[in-house]
Amino acid sequence: MKNWKLDRDADGIAWATLDKAESSTNVLSAEVMAELAQLLDICDREPPKALIFRSGKEAGFIAGADIEEFTTLDSPAKGRALVQRGWDLYNRLAAVPYVTLALVRGHCMGGGTELALACTYRVAVDEPGTKFALPEVMLGIVPGWGGMLRLPQLVGPAAALDIMLTGKGIDAKRAKRMGLADECVPPRVMENAARMVALSGRPRHQLPLMQRLMNSAPLSGIVASQARKQVAKRARQEHYPAPYAIIDMWQNYGGNALAVPANSPTSLDAIIGSATTRNLVRVFFLQERLKSFGKEAAGFAPKRVHVIGAGVMGGDIAAWCAQRGMTVTLQDQKIERIAPAIKRAAEAYRRKFRYDRDADKQMRFVLDRLIPDPAGEGVRQADVIIEAIFENLDAKQALFRDVEARAKPDALLASNTSSLRLGDIAQALKNPARLVGIHFFNPVAKMPLVEVVQGATTDDATAKKAAAFVRKIDKLPLPVKDAPGFLVNAVLAPYMLEAMRCVEEGLSPETVDEAALAFGMPMGPIELADTVGLDVAMAAGKSLAAGVTEAPKKLADLVAAGNLGRKTGKGFYAYEKGKAVKAPAGSVPAKLAERLVGPLLAATQKCVAGGIVADADLADGGVIFGTGFAPFTGGPMNYIKSTGA
Ligand code: NAI
């Protein structure tokens, strides 16, 4: 076998080690699955006392199916065959007469989790990287290799559906608590622990009676209807059929995707043939491409970050970097300005660690790395210096003059500016090639994209280092050129402007937002403007339109009255407990969505034509991850291509 190694030890245990050839990660390609069948043949001939699966890779157990293979599924029949292969093989594994165990260290995704579920036992290694997940839904497909059958039986249907419908990862401790893992052990004892569990003869994990009852009718109906309601809040069936199919397959077909009749809207044929699935696989590869920009400056290993300006952006950027393992110094003019940022960070960390038993300890570790630094001492040691002071050219230039004189010669100097030209700020530097834009979006913790802005003077190596840094803090870097609004704001501004024009013309904000939601946007443009802050939206609009367009009157009036949106409790909507109070949307005029999205599509085309991003695919990736633009469309450029819009 090319990818698996099978060793037997003195206890009669067979150790199956997966180390996929010519690949840094273990993916379950057709070849790997065929070899797994061979491995089971060998064990049939000479049954071991126990068969333990483990990974031969540095990082990770199994990353899931080979997504490259999905792009070759050009007919439902081929898709069906791929599902059948895994379903049959894992059923065979689940039925072998000897004990089986998955020793899971690092990521365990999709088909990897389904393999583990088909085993008698699972031992999870307690490390930050260990995560069980069934993320198929994010690709528009379903966990068809037994996940929908076995996960509900192991952890109960409500928890299982939550995992399958969100694609979220479960760490080792939680896996143990919920019964997904039989043991959670530290790395140094993992092999011994696996051996002991495998030979223990202990009964398999059993669900309590009530949970078992919920796995079948009539109680399964209640669970399914709850789950459908939850899903409906996030995704419409016409845009995203897969989550609805998962619920139906679990409730009505025993988790067997192959059993759903082909003419049903929740069948494999419908899903595999849908544009959504094709486009979500496309989005996956766009994401991989964005990630790859982080690999171009391999030697750059930043550890210390200095952030200047502890406002909305700087405070949150600093908090995020500390959470991702950096040591961060945070500077502002006065300590009183830094304190609120630290308080906000502490609240965010508390939320993040709320389920962990050692939450306090974890929080302390992270907070220890976030250091208030009113005097700006951190500049001298920092590997990356990010400026996020208010939007004023003179102030930024003065700041960078001082920073350049004190920073390490190889430190990365970055500005978070939204609307100033990087080239203008860089003029203040002795060496303008050092300045790069690292443009985060608000809210920092939620937005996956960061634009890496290469000004006319920024040298290539600096831009590459900036992208590497962005990747290090787990964001997606998008290289863009220095032009007004870069990519994301340049496409958002005309879209929000059009929405506000609709409101000027008498449509209610609710109606306008509903049109965008029905198109597939995660949030309507009016609520988005309120969320960004109407003052920020107005300033951005001004600098982008450069005097060509008047600000919409309603917007100007709201800003003048100090009603700046969500943050002041009133904007286009009123806010209660941070939530917009909305009247019913009423009927949405025909073509309203097209009218709203049209300017966004046109602006994206313009950015591609103007070389702001290198190509149409990157524009799609940037707009999806930077604005949430309907992922099922595959991005604005793909949408134009496929619909002729
Ligand atoms: P903010 O007004 O909330 O915060 C600015 C902070 O900088 C204030 O706390 C101020 O005391 C401090 N500051 C001003 N001059 C300083 C100096 N010389 N030294 C140290 N601290 C100084 O501003 P916000 O919204 O955080 O924006 C900061 C930058 O980020 C701007 O360049 C803006 O264009 C950009 N940006 C803003 C976004 C937003 O949604 N608010 C999104 C992306 C970028």
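## Basis of the model

Residues are numbered from 1 along each chain as its sequence is written, and side-chain values use heavy atoms, with hydrogens and water left out. Since the model is predicted, local features need pLDDT of at least 70 and side-chain atom pairs count only at pLDDT 80 or more, whereas totals for chains, interfaces and linings use all residues.

## Domains

The chain is assigned domain 1 (4-273), domain 2 (298-482) and domain 3 (489-643), with bounds that come from an automatic or database domain assignment. Taken over C-alpha atoms, the centres of domain 1 and domain 2 are 39 Å apart.

An N or O atom in the side chain of lysine 396 is 2.5 Å from an oxygen atom of the ligand, and for asparagine 416 the corresponding distance is 3.0 Å. Taken alone the ligand exposes 840 Å², and the protein buries 81% of that, with areas from the Shrake-Rupley method and a 1.4 Å probe.

## Cysteines

The structure holds zero disulfides, a disulfide being a pair of cysteine sulfur atoms within 2.5 Å. For cysteine 119, the closest cysteine sulfur is that of cysteine 108, which at 9.6 Å is too far for a bond.

Cysteine 119 counts as buried at 2% relative accessibility, and cysteine 607 is buried with a relative accessible area of 6%, where buried means under 20% relative accessible area (1.4 Å probe, protein chains only).

How values were computed
Polar contact = N/O pair within 3.5 Å; in protein donor to acceptor, adjacent residues only side chain to side chain. Buried < 20%, exposed > 50% of the residue type's maximum accessible area, 1.4 Å probe, protein only.
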